Structures are given as structure tokens and as C-alpha cells.
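Have the viewer open and follow along.

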Amino acid sequence: MDTAIPQSLRYSLKYAGHPAGEQRLTVEPRRDGLRLTLEANVELPPPRTRQRWESEVDQEGLPRRYRERVEGNGARVMEVEFSLEDGLVTVSQGKDDFAIPYLTQMYDPLSLILAVGALKLEVGGVEKFALVGGRAYAERLPDQNLEVIASGEKVERSVRVYRLRPGLSLLYFDEAGYPVRLTQKVGEHIFEAELVQVERLEAGQRPQSLERRQETIQRNSSRARGVATEPGKPRVVSGEPPKEREKDTAPRRRRRRRRYN
């Protein structure tokens with residue numbers, strides 16, 4: 001994936017095969033690295049949640065700051081500062097702050113996706129990544145054929161597949177390094193995100209928020225339904241003179257009433 005180009009990646013979400021919302025990953029190049037922003041409106045599984053993840057990474061793909069906000073039953077906010085100079089990773093969760101030693105390269109969920117996409121492992125190879133409070137192992141699985149978006153159309157392509165452990169998550173990358181599908185087992189069902197659109201952004205352009213986009217879609221849908229189903233209403237004007245008779249219409253004769261004596 002060419003990270004020198006500002007772009008927006010839009011995904012459709014499914015849970016147990018049912019539509020479950022949408023999410024968008026925005027990639028913005030900066031002088032000293034990248035800013036990655038993931039916004040998601042998740043309808044399934046309940047409760048409905050709104051999520052926003054933001055990661056600022058350096059030119060080597062290592063995070064400097066990470067912010068996460070999830071709104072559902074209440075709101076959960078987390079901020080993480082990665083300081084190589086101080087050798088500390090500081091985590092803030094509401095009123096609680098704690099720090100852990102920064103002894104090896106560490107990643108957040110967004111920078112981890114980019115790091116896995118850049119791997120050059122052979123099938124069966126495994127790479128370990130350190131995370132805040134844990135670690136993840138990425139294992140290269142055999143390539144698969146998958147329908148992906150190319151030039152606005154779906155075509156079948158060979159994609160690289162990685163399995164993340166612990167857990168049952170799969171990441172699929174096309175030949176250009178785009179994450180085209182992400183799946184994760186949640187409970188007894190599969191939650192998946194599938195890439196449906198890649199939009200190139202102009203310098204300084206911000207994509208429309210998901211909330212505003214959904215409002216626009218609903219408004220346009222309501223207008224379309226109204227045009228299709230609402231019957232035309234007659235125009236009524238107070239004091240409007242009667243319409244002229246058509247020429248081919250014969251005048252009606254008034255019947256005279258006879259009087260009988």
C-alpha cells in the first residue's frame with residue numbers, strides 16, 4: 001500500500017453473515033510518519049457501538065501515540081504514549097494511569113495491521129509482535145483466491161493470509177498490501193470487515209464522517225421513496241376561475257320544466 005498518498009478505505013461489516021454496520025480507515029501521510037484513523041459504527045453484536053481509533057506512527061511504522069474511544073453502554077477512552085527517549089509506555093484509562101518499560105518495539109492495533117501487511121514470511125513462518133499488555137503472533141497461511149475491489153469492480157485475485165494468535169483472527173492482503181478482509185471470531189460467530197471502496201484524498205481533505213454519510217444516505221433514500229410512491233396532488237387555488245370547455249365537448253342542454261295546470 002502506497003502510504004505516501006492520503007486515502008480512505010471503506011469496509012462493510014458483517015456478523016454471523018448479517019450486515020453489522022461499516023467502518024473506514026483513513027491513511028494520512030505526515031512529515032514524520034503517518035496518522036491512521038479508524039471509525040466504525042457497529043450494529044451487531046449488541047449493543048450498538050461507535051468506535052474511533054487513532055494512531056500516529058513514525059517513518060518506521062512504530063507508534064508514538066494511540067487513542068481509542070468506544071461508545072456503547074457508556075463510553076470507554078484509552079490513550080497510550082510511546083516514548084523511546086524515556087524508555088516508557090504510558091497508558092491512561094479515565095482516571096487511572098500506569099507506565100511500563102519500553103524494552104522492545106511495541107505496536108497498537110492499527111500499526112499492527114500495517115506491520116503484518118509488510119511481512120515477507122514464507123508459508124508457515126511466524127513473527128512475534130509486542131503489544132501493550134501482551135503479544136501477538138502472526139503466522140503466514142497458504143494464499144487464497146478472493147474477490148477484491150480493483151478499479152471499482154470486483155475481481156478474483158490471489159491474496160496473502162495471516163492468522164493472529166491468541167484468538168482466531170485472519171488478515172487478508174492483496175498484492176498491493178491493502179488489507180482487503182479482516183475476520184475475527186466473536187462468541188460463536190464470525191465478525192468480518194470487507195473492503196468495498198478505496199478513495200484517494202486531496203491534500204488536507206477530510207473524508208465525510210460516517211454519521212454524516214449515513215444521514216445523507218437515509219435522506220436520499222427517503223426522497224427517492226417519496227418520489228416513487230407519493231401520488232401527485234391537485235393544485236387548489238382559492239378563487240380560481242372554472243376551466244374552459246374543450247372544443248370537442250358538446251354543450252349540455254338544460255331541460256326546461258313544463259308546468260301543468
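A residue counts as buried under 20% relative accessible area, as exposed over 50%, and as partly exposed in between (1.4 Å probe, protein chains only). This is a predicted model, where local features need pLDDT of at least 70 and side-chain atom pairs count only at pLDDT 80 or more, while totals for chains, interfaces and linings use all residues. Residues are numbered from 1 along each chain as its sequence is written, and side-chain values use heavy atoms, with hydrogens and water left out.

Let's start with the strands. Strands here are DSSP runs of E with at least two residues, numbered from the N terminus, and two of them pair if DSSP finds at least two bridges between them. E4 (residues 49–57) pairs with E5 (residues 63–72) over eight bridges in the antiparallel sense, and Trp53 has Glu68 in E5 as its bridge partner. Five residues sit between the strands in that hairpin, where Gly61 takes a positive phi near 85°. E5 then runs antiparallel to E6 (residues 74–83), again with eight bridges. This time the hairpin gets by with one residue, and Gly72 stands opposite Gly74.

Now for Glu56, which is in E4. Buried or exposed, what is Glu56? It's buried, because its relative accessible area is 10%. Beyond its neighbours within four places in sequence, Glu56 has contacts (heavy atoms within 4.5 Å) that include Arg30, Arg35, Arg64, Arg65 and Arg67. With Arg67, there is a side-chain to side-chain polar contact at 3.4 Å; the term covers N or O pairs within 3.5 Å, with one atom able to donate a hydrogen and the other to accept it.

On to the rings. Rings of Phe, Tyr and Trp (its six-membered ring) pair if their centres lie within 6.5 Å; planes under 30 degrees apart are stacked, over 60 edge-to-face, and the rest tilted.

| Pair | Centre to centre | Plane angle |
|---|---|---|
| Phe82 and Tyr102 | 6.3 Å | 65° |
| Tyr107 and Phe129 | 5.4 Å | 85° |

Phe82 in E6 and Tyr102 in the loop between E8 and E9 are 20 residues apart, and both are buried. Tyr107 in E9 and Phe129 in E10 are 22 residues apart. Tyr107 is buried at 10% relative accessible area, and Phe129 is buried at 5%.

Definitions and conventions:
Helices (H or I, at least four residues) and strands (E, at least two) are DSSP runs, numbered from the N terminus.
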